[in-house]
Amino acid sequence: MAIPQSFLDELEARCPIEEVVADYVTLSAKGGNLWGLCPFHGEKTPSFAVSPDKHIFHCFGCGKGGGVVRFLMEIENLSFIEAVRKLAARAGLEMPEEDQAAQERRNRRRRLLELNKQAARFYYDTLRSPLGEPMRKYIAKRQLTSAYVKRFGLGAAPDSWDSLIKAMTAQGFEKGELLEAGLVVAGKSGGVYDKFRNRLMLPVIDATGDILGFTSRVMDNSTPKYLNTPETAIFKKRSILYGIQWAKLTKRSFFLLVEGNLDVITLHQAGIDNAVATMGTALTAEHARLIGRYTNELVLCYDNDSAGVEATQRAMAVLKDTTLRVRVLQLPRRKTPEGELVKQDPDDFIKLQGPAAFERLLAGSADQSEYRLETIQQKYDLAKTEDRAAFLKEAAQMIAQLSSPVEREIYAGRAAQAAEVSKEAMVREVEDSRRRHANQRRRKEERAALTPAANLQPKARELRYANVRSARAEEGVIRLLFLDSTLLSLCRGLTQEQFSSPLWGRIYAALAQGELPPNPAAFDAVLSGEEADLLARLLHTPQSLAEGRQAMTDYIAIIQEEAHRRDTAQSDPMADLLAIRAKKKQKEVTEEQT
C-alpha cells in the first residue's frame with residue numbers, strides 16, 4: 001500500500017517518536033537527546049538514543065535505528081502497513097484508501113487465512129469420521145483429553161491423495177491458492193496432490209487467533225515423521241511459536257520453551273499453560289522478541305541429550321542480547337527395565353511422574369550461569385588431576401564473563417567446591433581470566449583503531465563500502481540534505497550513478513527527484529532494517545551547517561572525482577595498476593630520502 005506522504009507527515013506530527021518510544025523504554029534527557037536501555041539487546045548502561053528534533057532513534061550498541069514507524073515495526077514485529085495502522089489508531093486518524101496493489105495483497109492474505117481456517121475444519125471433522133480412527137488411537141495413546149484436542153484444534157489428514165483438494169475446491173478455492181498456502185504439492189505431470197496424508201494435524205495459530213499453517217505427525221513408519229507447512233506469505237517459521245495463542249493468557253510470570261508441539265499440549269493439559277515451542281527450528285531473535293511482548297522471563301526445557309544441550313547453548317547465545325531473564329530446566333534421565341538410562345521429554349515425565357513432580361523441577365530450574373557451570377563440569381572427570389585443572393580453567397573463563405562481582409564470587413565458590421580447591425585460589429583464577437580477557441579486548445580495539453577504514457564500514461556485510469573515500473563524502477551529502485534541503489541546489493551536476501554506495505545513491509535520488517522528503521519516517525517504508533539502521537547512525541552524527549555550502553561542494557567534488565577514477569579504470573584496466581606502481585615507487589623514494 002502506498003501511503004501518501006502527507007498522511008505520514010500528519011502521523012509523525014501526532015505521534016512524536018519520544019512519546020511512542022516512552023511506552024516501551026524509560027527515557028531520560030541528556031545532552032539534547034533522550035537515553036534509555038535498548039529494548040533490542042541486553043545492556044546495563046544506556047546506549048539507546050532518541051532525538052526528538054531529528055525524529056529518529058538509534059542504538060549505539062546494537063546499531064538499530066530509524067523513524068517512529070521503524071521503531072514500532074521492530075519492537076512489535078510488524079510490517080510497515082501494520083505499524084502505520086497502529087500509529088493511526090493511536091493518533092485517531094483514518095487510514096487512507098488502499099491502492100489496487102495493496103488491496104490485492106491484503107485480500108490475498110485474507111484468502112490464505114480463510115483457506116487455512118477451512119482446511120483446519122476439514123481436518124477436525126475428519127478426525128471424528130471413520131477415516132480418523134488411526135489418529136484417534138494415537139491421541140488416546142498420548143492421553144490427550146477431548147477438551148484439549150478441541151482447544152488446540154487437532155485434526156486428521158486421511159490417507160488419500162486428493163481429499164483436501166476436493167473439499168476445498170468444492171468451497172470455491174482454486175488449486176493455485178492451495179499451492180500458495182502450502183496445502184498441496186505440484187506433481188511432475190502438472191497436477192497437484194495433498195501434501196498432508198495419513199497424519200495427525202495440528203493447526204499453527206498466532207497470537208491473534210489466525211491459522212498460519214499446520215504441523216503434523218505421520219501415523220505409519222513413513223518419513224518424515226513430522227512435517228510442517230512450507231514457508232509461505234503467512235507461514236514464517238523464524239517468527240512463529242506454537243501455543244502462543246494460549247500461553248499469552250497465562251498468569252505465570254514466565255514462558256516455558258520446549259521442543260515438541262505435542263509436548264506443548266500435554267503441558268497445557270497438566271496445568272502448565274505457559275508452554276510454547278518453535279516450529280522445528282532453532283530459537284531466533286524474532287522468537288525472543290515475540291516472547292518479550294508477554295514476559296521478561298523464559299525457561300528453556302530441551303531434551304537432555306547432546307542435541308538438546310547444543311540447542312540450549314545456541315538459544316542462550318541468542319537470548320544474551322535480550323532483556324529476558326533465562327533459566328534452564330533439565331529433565332532427569334529415566335531408567336528402563338533393562339537398567340539403561342534414557343532421555344525424557346516433558347510428555348514422558350508428566351505421564352510417569354505427574355504434573356506436581358514437573359512443577360517441583362520447574363521451581364528449581366537453574367539460571368543460565370548455573371546451567372553453564374554444570375554443563376562444563378559434566379565434561380570432566382574431577383577424580384583426575386588433569387581434568388580438574390582443565391575444568392577450573394574453563395569454569396574460570398565462563399565465570400569471568402559475569403558482570404556482577406557477587407555472581408562471580410558465588411560461582412567461583414561452587415566451582416572450587418566441585419574441584420576441591422580453595423575458594424581463594426578460584427577467585428584469583430577468575431580475576432586473572434578477566435584481566436586476560438580485558439587485555440585481549442584492548443589489543444583488539446587498538447588494532448581496530450589502527451585501521452580506521454574498517455571502522456567506517458557498515459556492520460551489515462551487504463552494505464559494505466567498495467570505496468570508503470567516496471562513501472564518506474556520500475554520507476556527508478545525505479546528512480546535509482536532511483539538515484537543509486535548500487542545499488539540493490548545489491547538486492545539479494551530481495547523479496545517482498556517481499555514488500559508489502547503492503544505498504546512498506538510492507536515497508539521494510529519492511531526495512533529488514522529490515519522491516521522498518528529508519524525513520526519516522518517510523524512508524521507513526522503502527528501507528530494510530539494516531539500511532534504516534545505517535541511515536539513523538548517519539543522521540545521529542553531528543554536522544555543522546555553518547560551512548554547509550562549502551562542505552556540500554567539497555563532498556560533491558570527492559564523489560565525482562572517485563566516479564571519474566572508476567570510469568577511467570573500467571575503460572583502461574591498466575590505469576589502476578600503473579597508479580599503484582607509481583605510488584609504490586614514490587614511497588620507496590621517500591624512504592630512501594629519510
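A: Happy to! Please keep in mind that this is a predicted model. R252 is partly exposed, and its relative accessible area is 25%. Because buried means under 20% and exposed means over 50%, that value falls in between.

The partner of R252 in a salt bridge is D273, with 3.8 Å between the closest N and O atoms. This pair ties together distant parts of the chain, 21 residues apart: R252 lies in the loop between α10 (244-247) and β12 (255-258), while D273 lies in the loop between α11 (261-269) and β13 (275-277). D273 is partly exposed too, at a relative accessible area of 29%.

For context, the structure holds 32 salt bridges. One of them joins K64 to E74, where the closest N and O atoms are 3.4 Å apart. Here K64 sits in the loop between β4 (56-59) and β5 (65-66), and E74 belongs to helix α3 (residues 68-76), 10 residues apart. K64 is buried at 18% relative accessible area, and E74 is buried at 10%.

A further pair is D303 and K343, whose side chains meet at 3.3 Å, N to O. D303 is in the loop between β14 (297-301) and α13 (306-319), and K343 is in the loop between β17 (341-342) and α14 (346-353), 40 residues apart. In this pair D303 counts as buried at 15% relative accessibility, whereas K343 is partly exposed at 37%.

Finally, salt bridges also form a network that links R142, D263, D347 and K351.

How values were computed:
Residues are numbered from 1 along each chain as its sequence is written. This is a predicted model: local features need pLDDT of at least 70, side-chain atom pairs count only at pLDDT 80 or more; totals for chains, interfaces and linings use all residues. Side-chain values use heavy atoms; hydrogens and water are left out. A salt bridge is a side-chain nitrogen of Lys or Arg within 4 Å of a carboxyl oxygen of Asp or Glu. Helices (H or I, at least four residues) and strands (E, at least two) are DSSP runs, numbered from the N terminus. Buried means under 20% relative accessible area, exposed over 50%, partly exposed in between (1.4 Å probe, protein chains only).
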